[in-house]
Structure formats: structure tokens, C-alpha cells
Amino acid sequence: MTEADLVLTHGPVHTGDAARTRASSLAVTGGRITAVGHDEVHQLIGPRTEVVDLTGKLLLPGFQDAHIHAVYGGVELAACDLTGTVGVAEYLGRIRDYAEANPDQEWITGSGWSLESFEGGLPTRQLLDSVVPDRPVYLTNRDHHGAWANTRALELAGLTRDTPDPADGRIEREPDGTPAGTLQEGATALVARLVPPATAAQRLAGLLRAQRLLHSLGITGWQDALLGEFNGQPDPSDAYLAAARSGELTARVTGALWWDRARGAEQIPELVRRRAELSHGRFRAGSVKIMQDGIAENFTAAMTSPYLDGCGCATANSGLSFVDPAALCEYVTELDALGFQVHFHALGDRAVREALDAVEAARAKNGRRDTRHHLAHLQVVHPDDLPRFARLGAVANIQPLWAAHEPQMDELTIPFLGPERAAWQYPFGGLQRAGATLAAGSDWPVSSPDPLAGLHVAVNRMEPGATDDRVFLPEQRLDLASALAAYTAGSAHVNGHDDAGTLAVGQLADLVVLDRDILTGPPEQIAEARVLRTYVGGELVHAAE
């Protein structure tokens, strides 16, 4: 009998298998699980075996994030960080302090401001001018679908009252047409193209910074949802490839190659080439990201019926479909035939339907293939489309943290959707009942990458620590075991890691140890749990201090 390299014992051990069985001990040899059980596992303990006494702490499969922007998030951690507050005075104080601490920086950049902080979600250039009048300032918002710029930045970009809106975005304006300081969607690129891009060294440092954070949260693998140039930002692929080649990439990463929506099928041969080039060690790029629409808060998410105005009357705006729906069917069919997974950004119900139509077209032409297409965000899903996920084998990639009452939802979304459509939001329970496979992700740095916070909201439909006791669409809650499956086996499935996501003999030893058993504790305390240890392939990549 071969002695194990590692034994974790005196569980509980949540295996995540179909029966949701529990064990108390697990053994690892050569990076894979070699035994799962109880006291009999101790027979594998030898003189060189590392033994970890869990003392009642919970052992789980490692979390995987199915939609994240790790390099961007890691780079932003070193820039002007506006996360963790919604106070305008706090924003301005941080921006002033950052500018004073970086007097030689040509541009002041950063991210994390929240739409709810400003009337109508629209900050002004004059606010930024009050703290940094002499240098350009460009700050993306929390969801990265908009940006806040000061007067100097707008002037350098040549934006005036005569500048037309781009086809895929909007310049918010003052009454006389002068750019007001907020840029939506594709309009952000008008200024972003001037911002000095992060260097290759900064991108690599950002990736490693992000990796440390994600491992500390129990995340062992992820899908980076945007590999390519976007809104003036450089392609982060080189950071992944460099880290994979040097051995510094300890996580398992799938990359989603960016679909340039200004181009068509002529870019597909380039994607094929990049897929071959960007595969080394624990990094591979076999997915293609197609962003089909925007977001509801700025009325660019594609809806099947118009948005309402502040008085509750229908407007003429139903949002934007960034890729022509007929062309989308053609592109997805060709990508599917080439073995690519398609990773859709589909937030409004029209975008969801267009993405499902494209998957259906691919299935009709190519037959059922194991390409694991998935739709991320799914804020508004028409009830008629819920059964299509299971029928087409399209995975529902959910971002649970967004499914709660908070100011951005209550003030900037629900009133403009109307009661019927607002009740179709984030239908996790409906998707599960309709037989859909669920995966889960964070969209960090849009929102927290902490899986425990996401699990909390998926189960409670309330934010951690919420003082508002309203449950957001309670019929859409998930039970904790199902939510855990989405964050482990479900995300491992869309990330192409079939030998991860559950704890069984032969599976990769990607593991996380929590400080408590969240499956037997009160659901309202899920987010209070903390990660004690994270292993990838049996190697310890994080230990709490």
C-alpha cells in the first residue's frame, strides 16, 4: 500500500458528489485524491505523510470562478481604489490623496465607484476638477461599463458638444451638449485610448497579486472572461503565459478570447491561432467571449420590451445588441464547429434569447457537441427561455452577489424595468427547477471575488450584514448544497476541469478548508466563515495566519 503525501482527517469532508455524501478523512498522493473515507484512510499514513487534523473544520472541493477578470483586478489593486464605500466625499478624498502620493503620474486612474452614489448614476467632471484640476483623471465604475473623467481628460480626448456618440455607447452631456464627465459602454474608449496602459511587468505583478487574493478565498481555478484588447486596455494574455511558463501560475486558468464586436468572422482564424499559442501548463484559452449587451442601470442591457422612464411610462429604448443576432448565430455555429466554447455576456432578456438562439443554431448545424457554451450574468430572463438552457445544454453562469436588495437595484433598476420584468431577475431557482446546469462566478473586480459572500446571497437572497430584512425574490433562492455545487463542480465543468470540483478517488486534490461547517450552521451566517487552507494539486497555496 503506497503511503500518502497528505492526509486530512477528523473532518467533516463534503465530497460534492451526486449523493452529497460525507466523509471524515481524505488522502492525497501525487497531486490527486487517493482515498476518501473514515478511519481506514489512516492506513495510508507513513513516516513522510503530512497529516492535517481538521478538528471539525469543513473540507470542500476548491472553489472555481466561472467569470472573473483577475489581471485587471490585480492591476487595479495598485491604482486609485474606490471600492468599499459609496460616499462621494470619501471618493474625492481618496482621489486627492492618491494624486498627492503620485505626483509624477501622468494620469490618475483607478476604479470602484458605485452608480448609487450619484443622482441618476452620473458623476460630473466638475467634482473631479475640484480635487485634481491639472492632470487627467479616468476612473471606471464598479461594473466597468462606464467611466468618470475630469475636464482635462475630456479635453485631451478632443470631446466636445459636437462629438457624436459611438454606436456602442453614450457620452452623457450637460444641457448645451458639453460632455458632462460620465461615459457609457463603448464611449469609454474615447478617453481610455489615451491612458498609459499597464506594462507587461505590471500585468504580471497584477496577476500574481490577484492569485494570492483568490487563493486566500479558497479559489483554485477560474475562467478569465476577457483576453484581448478592450477599451484601451492591453491584452492580459501575456501575464498568464509568462506565469505559466515560469511556474508561478499555481491556479488552473481557462481564458476567454475577446470577440471584437466591430469585426466579423474574419477574426476566427486569429482566435484559432491564439488558442494554440496560449496553452501552457495550467493555462489554456479555449473559450471565446462575446459581449452581447450592456447593463440595466445605464439602459444598455438588451430587453424584449422598452425601459420605463422615471414616471413609469415606456421609452423608445430597449437597450443594445452589440452583435447582430443573425450574424451571432453564424459566428457561434462556426466557433462551435471548431471546438470553441462560447462565453456570452447576456444580461437582458433579449440578449439571453439571442445567445440561446445562437446556441440552438449551432446545435442544429453541428449536432450536440461537448463545447459547454455558457451565458453569464442572466439578470433578466424571460420565463419562456428558462427550459431552453437544459434542452440546449447551455450552462447558466450566475453571479449571485447581485441578487439582493441594495440601492443600485432598488433605485436604478427596478423602477425602470417595471414590476413584471423586475420579477424575472436572477432566476437561480427557476433555472435549477428547469434542469439547467449552474456555474458561478464573481465578475471581480466588478464585485467581491469572495465565494462565501456569493454563497450567502445565493441562499439568502440578501447581502451579508444587510440591515434591510427584505428577501429579493425568495422563490429564486438556492439550497446551500446546490449553490456549493455551482461554485465547485459547475464552474469546473465550464472551465474544462472534469477532474476537479468533487472529492473522489482520482480527482485533482484541489481543496479548501473552512473554519466551520457552513452546511450545518445557520444560513444567515454563511458569509462569516473564513478560509483556513487552500490546496491546488495537493500543494498548499494559502494558509491563514
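Visitor: How many of the 545 residues of the protein chain count as buried?

Guide: Buried means under 20% relative accessible area, exposed over 50%, partly exposed in between (1.4 Å probe, protein chains only). Here 59% of the 545 residues in the protein chain count as buried. This is a predicted model: local features need pLDDT of at least 70, side-chain atom pairs count only at pLDDT 80 or more, and totals for chains, interfaces and linings use all residues. Residues are numbered from 1 along each chain as its sequence is written, and side-chain values use heavy atoms, with hydrogens and water left out.

Visitor: What radius of gyration does the protein chain have?

Guide: The radius is taken over C-alpha atoms, and the globule rule is 2.2 Å times the number of residues to the power 0.38. For 545 residues a compact globule would come near 24 Å; the protein chain has 23 Å, which agrees. Its C-alpha atoms fill a box of roughly 80 × 55 × 50 Å along the principal axes.

Visitor: How many helices and strands are there?

Guide: Both are DSSP runs, numbered from the N terminus: helices are H or I, at least four residues, and strands are E, at least two. The protein chain has 17 helices and 24 strands.

Visitor: Where does H67 lie, and which residues does H67 touch?

Guide: H67 lies in strand 8, residues 63-68. H67 is buried, with a relative accessible area of 1%. Contact means heavy atoms within 4.5 Å. Not counting residues up to four places away in sequence, H67 touches several residues, including K289, H343, H377 and D443.

Visitor: What share of contacts joins residues at least 24 apart?

Guide: Among contacts between residues at least 6 apart in sequence, 73% do.
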